[in-house]
Amino acid sequence: MKEIFNPNLYHGAHKRKNFFEGWYYKIVDKKGNYKIAIIPGVSYGNNDNEHHCFIQIVNGIDLKYNYLSYGIDNFKYNNNPFRICVNSNIFTLDGINLSISQNNFYIKGNLVFKNTVKWPDSMINPGSMGLYNYLKFMECYSQVCVLNGSVVGCLAINEKNIDFTGGKIYIEKNWGKSFPKSWLWIQCNSFKNRKTSLTCSLGTIPFLIKSFTGFLIGITIEDKFYSFTTMNHSKIYIQILVDDIILTVTKKNLKLTLKTHTNADDFLILKSPTKGCMTSSVKENLNGQVYMLLEDTKLNKIIFEDIGTSTGIEYGGDFFNSINKK
């Protein structure tokens with residue numbers, strides 16, 4: 001029950017087959033010139049020789065991707081307080097310490113996270129997935145650990161020494177057996193207003209005898225939090241524009257519009273889990289833009305309007321075809 005009430009924690013203590021868990025750290029420097037995603041995790045397949053832990057590095061600076069694999073014994077965790085280690089690399093919700101030199105890739109340094117903003121939750125609705133965390137049969141669970149926060153520290157990445165001080169941090173995680181059949185993910189906290197952040201996940205979710213489209217959208221503007229989710233009966237509509245989308249979602253008097261803008265050459269192919277094994281793929285971009293408009297339709301008032309940069313945009317599975325068939 002401890003992991004249900006605190007989804008940030010590691011859920012795999014008693015898992016040894018068909019299970020994955022991974023944490024996603026997206027870091028952007030103050031000027032938005034450098035962005036990187038670091039994804040530590042653990043993978044348990046059907047057989048012992050498939051088990052391993054890993055660190056994925058999505059380098060939006062040079063548009064390069066590295067998958068670093070380690071023996072399963074190189075994964076350690078502590079849930080009180082939360083901390084995971086992959087080889088000699090340490091990850092918490094307050095910072096990371098990296099020391100990687102493998103496959104002609106080098107990254108070393110220490111980052112501290114300050115002023116972190118969490119998704120509001122309660123005992124009844126723990127974490128960003130709320131009541132879904134109580135269900136034992138879901139194929140994939142998700143948690144937004146840190147919506148927004150600032151960074152202090154530097155990373156040496158290959159030949160570059162990059163100062164991330166004053167930059168932004170975002171943290172989320174996933175665990176379970178497999179990623180959804182198809183999904184979309186948009187994340188940005190690089191708006192003109194530094195207290196603004198957006199996270200948006202939408203997927204085709206297997207559930208009992210049939211699938212449904214589930215979504216989770218959280219926004220911070222100044223000190224106010226807005227959520228649009230399947231659970232709170234928000235209504236969503238998606239329009240496809242080649243490799244981009246226009247998403248409109250409504251809840252009572254609130255209307256949110258998101259419009260992505262990407263360059264096809266900026267997408268990288270990452271590994272993703274199927275039955276615990278990292279054998280599937282996902283298409284991800286850290287250099288996108290997102291236009292965000294939040295309106296109060298009852299008062300005919302614009303609450304927020306801006307274009308966010310250094311936006312993470314990800315498509316998985318057969319997303320575009322699955323949306324077109326709806």
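Predicted model: local features only at pLDDT ≥ 70, side-chain atom pairs only at ≥ 80, totals over all residues.
Colleague: Why is Lys-177 called partly exposed?

Modeller: Its relative accessible area is 48%, and because buried means under 20% and exposed means over 50%, with partly exposed in between, Lys-177 is called partly exposed. The place of Lys-177 is in the loop between β13 (168-176) and β14 (182-188).

Colleague: How do you know which residues Lys-177 is in contact with, leaving aside its neighbours within four places in sequence?

Modeller: Contact means heavy atoms within 4.5 Å, and with those neighbours left aside, the residues in contact with Lys-177 are Asn-18, Phe-20, Glu-139, Pro-273, Thr-274, Lys-275 and Gly-276. For Thr-274, which is 97 residues from Lys-177 along the chain, the C-alpha atoms of the two are separated by 6.4 Å.

Colleague: What makes strand β11 (residues 148-157) count as mostly covered?

Modeller: Buried means under 20% relative accessible area, and eight of the ten residues of β11 are buried, so the strand is described as mostly covered.

Colleague: What makes β6 and strand β7 (residues 89-91) a pair?

Modeller: The requirement is at least two bridges, and three join β6 to β7, which run antiparallel, so they count as a pair. Val-86 stands opposite Asn-89 in β7, and in the hairpin of β6 and β7, where two residues lie between the strands, Asn-87 takes a positive phi near 60 degrees. β6 is also paired with strand β5 (residues 75-79), antiparallel and over five bridges, with Asn-79 standing opposite Phe-82, and a hairpin joins β5 to β6 through two residues.

Colleague: Which residues touch the most other members of the largest nonpolar core?

Modeller: The largest nonpolar core has 43 residues, and those touching the most other members are Tyr-25, Ile-27, Ile-38, Ile-96 and Ile-107. Apart from it lies another core, of 29 residues, among them Ile-217, Ile-221, Leu-258 and Tyr-315.

Colleague: What kinds of residue make up the lining of the largest pocket?

Modeller: The lining divides into 29 nonpolar, 16 polar and five charged residues. The pocket holds about 850 Å³ of space, and of its 50 lining residues, Met-129, Ser-142, Asn-174, Ser-201 and Leu-216 lie nearest its centre. Because Met and Leu count as nonpolar, Met-129 and Leu-216 belong to the nonpolar class.

Colleague: Which residues are closest to the centre of the second largest pocket?

Modeller: They are His-11, Lys-15, Lys-136, Tyr-141 and Trp-175, out of the 21 residues that line the second largest pocket. Its space is about 590 Å³, and its lining has ten nonpolar, five polar and six charged residues. Because Lys counts as charged, Lys-15 and Lys-136 belong to the charged class.

Methods
Residues numbered from 1 in each chain as written. Heavy atoms only, no water. Helix = DSSP H or I, 4+ residues; strand = E, 2+ residues; numbered from the N terminus. Buried < 20%, exposed > 50% of the residue type's maximum accessible area, 1.4 Å probe, protein only. 1 Å grid on protein atoms, 1.4 Å probe; cavity = no way out; pocket = protein on both sides within 12 Å on 5 of 7 lines; lining within 4 Å. Points joined across faces, edges and corners; volume = space filled by probe spheres on them. Core = buried A, V, L, I, M, F, W, Y, C linked by side-chain atoms within 4.5 Å.
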